[in-house]
Amino acid sequence: MTEQELKTYLAAIRGADEAAMAAARRRQAALAKPPGSLGKLEDMAVRMAGVTGRVCPTVKKCRVAVFAADNGVVAEGVSCAPQSVTLQQAVNMTRRKTGMSALAQTFGDDVSVIDVGINADVNCAAVLDRKVRRGTGNMAVEPAMTRAETLQALAAGLEAAARAKADGIDLLGVGEMGIGNTTTSAAVLAVLLDADVDAVTGRGGGLTDEGFARKKQVLRRALALHHPDRNDVLDVLSKVGGLDIAAMTGAFLGCAHERLGAAVDGYISVTAALCAVRLCPAAKDYLFLSHQSYELGYRLAAEALELTPCLALDMRLGEGSGCPLLFRVMEGACGV
């Protein structure tokens, strides 16, 4: 995908169907219940009417798309887990042996695992191969990737959304697997929100005090080295982002293009959602936040999107684990 092709694609995205939403509100007001008594469930149903163009939308078939990639910045000691975990967990997801995939199996949801940058050969046919490169560069000493590679990862996300639409999916959850990606997410958020590193950086998978301090030092060094342009999302992603974040950004844009509801998971996912909305403001109409991530910085990103998460469960697993839970709430919202 070229930058011009991306511009053309984004220009075709339209916001929610306002007429369908107005009709859905009138229907809600006519139902046998006190007005507004179902609270946010009513809001969700109305928003889904805007997504689908149907006054009475349904949520029957759901999928979590997980984009897996490694991040070169782990060489700086910013993670307490080895990079090999990315590959292990990507494969485990296909076997329903991770937190998210176990939840998805419980509820009968699809799981699609897509390799956009695992730093290893993936000998698992169930993992879809869309590898752009074997992990990003170490952003503390070099750009994470090129703009062309960023666009290639974005295209993998667009494709995942189109595939979901073709498969009859009603809601697509967007998750990730990538050791070191709370560091890349913090870098991206710091730039897009013009925020201090301290305000957007958490401990990730459980860093010690020493590791946490090192993580913030690495972030400051990378941002000072590259000076990403906050008004150019591709520049930010290519310099200090990750292949997973870029692909997730594409998935959110793809959902908007295909008029498909998109479930946002936690910290990494909401960072990608913000990237998508900065690229195309109309994409916001298709986003539904699942849970309030425990990770520092999530709240700032959600506020920037002007969206409110549905659940408060102190979750911080990632993987798209909040999505199967949101699917059930939205299924109920449309059901009533």
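Which residue is the bridge partner of G173 in β5?

1. The model is predicted, with local features requiring pLDDT of at least 70 and side-chain atom pairs counted only at pLDDT 80 or more, while totals for chains, interfaces and linings use all residues. Residues are numbered from 1 along each chain as its sequence is written, and side-chain values use heavy atoms, leaving out hydrogens and water.

2. The partner of G173 is A263 in β5. Strand β5 (residues 261-264) pairs with β4 in the parallel sense over 4 bridges. Strands are DSSP runs of E with at least two residues, and helices are runs of H or I with at least four, numbered from the N terminus; two strands pair if DSSP finds at least two bridges between them.

3. Strand β1 (residues 62-69) runs parallel to β4 and is joined to it by 7 bridges. C62 has L171 as its bridge partner in β4, and R63 stands opposite L172.

4. In β4 (residues 171-177), 7 of 7 residues are buried (under 20% relative accessible area, with exposed over 50% and partly exposed in between; 1.4 Å probe, protein chains only). L171, G173, G175 and M177 lie on one side, and L172, V174 and E176 on the other. In a regular strand, side chains alternate between the two faces of the sheet.

5. The open sheet has 6 strands in the order β3-β2-β1-β4-β5-β6, with parallel pairing. Its edge strands, β3 (127-129) and β6 (287-289), each pair on one side only.
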